[in-house]
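Please look over the sequence and the structure shown below before reading on.

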Amino acid sequence: MVSPAPTGRINGRISGHPNGPRTPLRIAALFAAAALTLTGCGSGAQGGSAGANAANAQASPAGEPVDGGTLVYAEVTPINNWQTQAARFYEKSNVLNSVLDRLTYFDPEKGEPVPWIASAFSANADSTEFTFTIRPGVTFSDGTALDAAAIKANLDSFGHGIPAAQIQPNVDFAGYQTSEVIGTNQVKVTLDAPNSNFLRATSSVTAGLVSPATLQQDAAGQSAISSISGSGPFVYESEKPDEEVVLAKRDGYAWAPEGADNPGEAHLDKVVIKYLPEVAHRAGAVQSGQVDLVRGLQPVDEAALAASGNQVVAADGVDLTVNMAAVRIGSGKLADPAVRQALQAGIDRQSIKDTVLSESYTLAGSVLNHQAPGFVDLSADLAYDPEKAKKLLDDAGWQPGSDGIREKDGEKLEVTVTSSNNSVVIKPAFELIEQQWRQIGVKLNNRAGDNTFLTTAMPDPNVEFYGTRQFIYGGLGPIFEPANNTMTHTSDPELNALFAAERAAAPGPERDEVLAAEQRALVVDKAFSLVLWDEVQVYGAHRSTHIEFTSGTAPIFQSAWKVDG
Amino acid sequence: MGRYLAHRIGQALLVVWLAYTLIFLAVQLLPSDPVTIFLTSDSAVDQAAIDTMKSQYGYDQPLLVQYLQQLAALLRGDAGFSLTSGEPVTERIGGALGSTLALAGSALGTAVVIALAVVAAATLAPSPVLRRALANLPPLFSAVPVFWLGLVLLELLSIRLGVLSLFPDGSFLSLAVPVVVLALHVSAPMAQVLLKGVEQVYRQPFINVLRAKGASPAWIFYRHALKNAAGPALSILGITVGTLFAGSVITETVFARAGLGSVVLQAVTTQDVPLVQGLVLLTATVFVAVNLLVDLLHPLLDPRILNARQGSAPALAS
């Protein structure tokens with residue numbers, strides 16, 4: 001452990017990371033990892049993976065950062081829309097994270113936003129007014145000043161969208177009314193309803209700050225990375241559409257978030273973002289040294305990559321919900337909460353982890369990630385209990401038919417799940433759930449990973465399950481609350497009251513209490529979210545790459561370095 | 001010749017127009033409009049926002065108005081705007097077209113060479129065993145999936161041997177390998193049809209006459225058999241364009257190449273309907289154009305086609 005004491009900017013689990021455990025949480029995590037390693041070794045296939053995680057402890061480079069060099073990063077699919085508010089997908093946010101700074105930075109260890117471009121911020125008692133003091137001396141890469149006026153222009157574009165350029169408002173900026181510049185370096189934001197999540201929302205990549213000139217462009221201009229000017233540690237250098245984007249270090253960058261490892265210019269000279277749609281090559285790309293970092297590693301490739309002396313890094317998605325089957329009740333089959341609770345009890349999560357996931361994944365304990373502020377552990381309510389599930393279904397009037405599938409009023413308990421193919425593990429997970437539910441008399445049509453079906457299924461409340469996870473910068477409200485939400489397509493008055501209470505609550509014990517009630521309602525009482533595993537993005541990194549991640553699973557290229565430069 | 005030309009070109013235009021109309025109607029059959037589908041792809045959106053964008057893109061107009069407006073715009077060369085990037089569809093597709101044309105064009109040329117080589121070898125090889133073995137190559141080529149061969153070659157050449165980049169890097173190999181992978185697959189139907197044709201020609205009496213006159217096997221094959229058997233193979237070549245396009249999409253994904261493949265993939269995954277419409281229309285146009293070209297080439301191979309009333313070249317040729 002030779003590194004200087006690092007700060008709260010790091011996220012990403014590798015056991016025996018060179019920066020080592022620094023907080024009780026991290027130490028606990030290390031013990032947990034060690035325990036998993038021990039139990040894993042005894043259980044065949046999983047032993048390989050757990051042992052592999054231990055192996056990459058030696059692989060990860062230690063020592064002082066090296067300046068210079070080019071890091072090659074392989075993303076999953078090419079992107080051609082880089083507009084800030086559209087950065088709700090990893091492919092975009094992982095790149096824009098290094099190009100656009102934000103007003104605040106979410107520190108996962110403190111569990112709260114810390115200063116970044118806003119050197120100070122405050123909220124009024126009922127969370128309807130927020131004042132940001134803008135750090136002096138920051139400029140966009142086009143040379144213009146990142147001052148209070150520029151912040152106001154950005155906040156207005158998030159809050160109201162830019163109709164002239166067909167850009168929609170940022171969903172996390174609920175209740176945004178106006179911003180005004182106060183004095184020389186302050187901006188006051190007024191909301192028309194309390195929103196204590198507002199500060200967190202300003203830390204999201206989808207609230208990344210761009211130069212006023214960028215905001216003036218039309219939709220195509222704001223979508224092209226070549227014409228985006230941010231204040232981040234990297235600037236656009238060149239692009240081959242659909243093949244690669246090259247970012248170069250911003251000379252003179254000196255405004256990293258408070259407490260960052262590296263307060264100034266990036267260590268790397270360049271970052272080259274390439275695309276590797278083919279999942280089978282991701283581990284090999286790192287092993288053969290053709291890329292330094294790759295996202296979307298398959299669980300089956302983790303052991304081999306770690307065994308080759310390279311790194312498997314799990315970046316925890318603290319800023320996201322867990323992966324879940326969100327329940328839609330439009331078809332009527334799942335309208336009775338008891339049926340949803342039966343399906344919740346009919347999922348054997350441990351067996352999902354043992355079969356299709358790896359030690360990089362943590363089983364969900366709630367709809368929030370384990371490290372998320374306000375997380376409550378509901379795992380006792382999530383125990384696998386097929387007998388309880390059967391009894392609940394019996395009592396709800398669903399009786400097994402001749403083929404073992406339950407029926408009620410002549411209708412079979414046959415349900416459908418949709419999901420995108422973006423996650424490498426979601427389809428096999430639902431294949432296993434399909435088998436598990438068969439045991440309790442429920443037929444699952446598994447359409448997970450079928451993007452064409454997803455097109456029609458997403459807006460259709462009759463498709464019973466939507467397998468996904470979502471960013472929670474605006475709290476759980478924007479995800480489950482509005483009547484047209486894509487998760488449940490159900491607006492539940494009791495839940496809505498809780499979401500409103502969450503926004504109105506002061507951060508701290510008061511809000512945690514509301515958050516606990518929300519989680520209990522979503523997972524246990526109403527069972528709208530059949531939770532599966534904490535969101536995590538598993539990266540493969542070359543042995544000579546030093547890389548850390550944000551709490552939104554984005555790589556932090558600003559503090560990254562390579563042993564050989 | 002002039003009448004034949006006008007007839008074929010008119011037919012081709014009709015097919016493209018019908019294809020366009022079908023695509024338009026297919027989009028209308030989707031459960032909701034393109035804007036709603038696009039905007040709800042990740043999170044809940046305000047209905048007002050959906051309405052605004054709909055009216056910006058003209059999706060709030062009556063069906064017939066939309067159809068006529070889109071058609072009129074299309075005739076002016078305006079295929080609308082991509083919902084994801086805001087770029088004109090023509091620009092988005094145009095930017096990717098070059099790379100795909102290079103891949104597909106090279107693959108088509110290579111496929112013709114492979115097909116000719118296989119058929120020549122399978123006909124002229126000295127040993128009957130070798131001839132039979134060579135004649136079985138085309139079924140093998142068509143049985144091997146494009147993506148599988150691509151994955152195996154990349155695993156071998158790039159990850160194990162390190163002689164090929166996983167990403168296109170402008171080197172000869174980084175174009176040649178995907179071209180060959182695609183060409184092998186595309187060559188299979190051409191080679192099979194050509195081989196059958198050549199076998200049929202060999203059963204005709206004039207071949208015996210040529211043999212009796214003392215013509216060499218190579219002379220008979222190249223000067224007589226091949227020319228007489230070429231018609232059906234040419235028709236297959238036209239139809240192969242569809243395979244070529246689908247194959248390019250897969251090959252581009254496996255080899256991480258930019259091109260229409262990745263545009264198709266993105267357009268479909270992001271529900272960018274105007275872009276999908278443009279791509280389908282392009283595919284239909286290319287398919288029709290190549291088949292038109294094939295039809296126009298047929299009379300050069302077999303002038304009898306011009307005399308056949310209503311004669312469709314492929315029908316007569318096959």
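This is a predicted model: local features need pLDDT of at least 70, side-chain atom pairs count only at pLDDT 80 or more; totals for chains, interfaces and linings use all residues.

## Chain A and one of its sheets

Chain A contains 17 helices and 23 strands, and of its 565 residues 60% count as buried. Among the contacts in chain A with a separation of 6 or more, 70% are made by residues 24 or more positions apart. The accessible surface of chain A comes to about 18800 Å², and carbon and sulfur atoms hold 54% of that surface.

One open sheet in chain A has 3 strands in the order 14-15-16, with antiparallel pairing; its edge strands, strand 14 (399-400) and strand 16 (411-412), each pair on one side only. Strand 14 is joined to strand 15 (residues 406-408) by 2 bridges, and Gln399(A) stands opposite Glu407(A) in strand 15.

## Chain B and the interface

Chain B has 15 helices and 0 strands, and its C-alpha trace spans about 85 × 60 × 30 Å along its principal axes. Of the 318 residues of chain B, 46% count as buried, while its accessible surface comes to about 15300 Å², with 69% belonging to carbon and sulfur atoms.

Where the two chains meet, 41 residues of chain A are in contact with 42 residues of chain B. The chains bury about 3400 Å² between them, 56% of it on carbon and sulfur atoms, and Asn80(A), His281(A) and Gln290(A) supply 17% of the area that chain A buries against chain B, more than any other three residues. The interface has 1 salt bridge, in which Asp242(A) is paired with Arg92(B), with the closest N and O atoms 3.3 Å apart.

## Charged pairs

Side chains of opposite charge can pair when their charged atoms come close. Over all chains, 28 salt bridges are found in the whole structure. In one of them the side chains of Lys274(A) and Glu244(A) meet at 3.0 Å, N to O, and this pair links distant parts of the chain, with Lys274(A) in strand 10 (residues 270-275) and Glu244(A) in strand 9 (residues 244-249), 30 residues apart. Lys274(A) is buried, with a relative accessible area of 15%, and Glu244(A) is buried as well, with a relative accessible area of 13%.

Another salt bridge, at 3.1 Å from N to O, is made by Asp292(A) and Lys562(A). Because Asp292(A) lies in the loop between helix 8 (282-287) and strand 11 (293-295), and Lys562(A) lies in strand 23 (residues 561-562), the pair ties together parts that are 270 residues apart in sequence. Asp292(A) and Lys562(A) are both buried. By contrast, in the salt bridge of Asp403(A) with Lys412(A) (3.1 Å, N to O), Asp403(A) is partly exposed at a relative accessible area of 42%, and Lys412(A) is partly exposed at 26%. Finally, a network of salt bridges links Glu75(A), Glu91(A) and Arg295(A).

Technical notes: Residues are numbered from 1 along each chain as its sequence is written. Chains are lettered from A and ligands numbered from 1 in the order in which they are written. Side-chain values use heavy atoms; hydrogens and water are left out. Two strands pair if DSSP finds at least two bridges between them. Helices (H or I, at least four residues) and strands (E, at least two) are DSSP runs, numbered from the N terminus. Buried means under 20% relative accessible area, exposed over 50%, partly exposed in between (1.4 Å probe, protein chains only). Contact means heavy atoms within 4.5 Å. Accessible areas come from the Shrake-Rupley method with a 1.4 Å probe; for residues, only the protein chains shown count as cover. Buried area is the accessible area (1.4 Å probe) that two parts lose on being put together, summed over both. A salt bridge is a side-chain nitrogen of Lys or Arg within 4 Å of a carboxyl oxygen of Asp or Glu.
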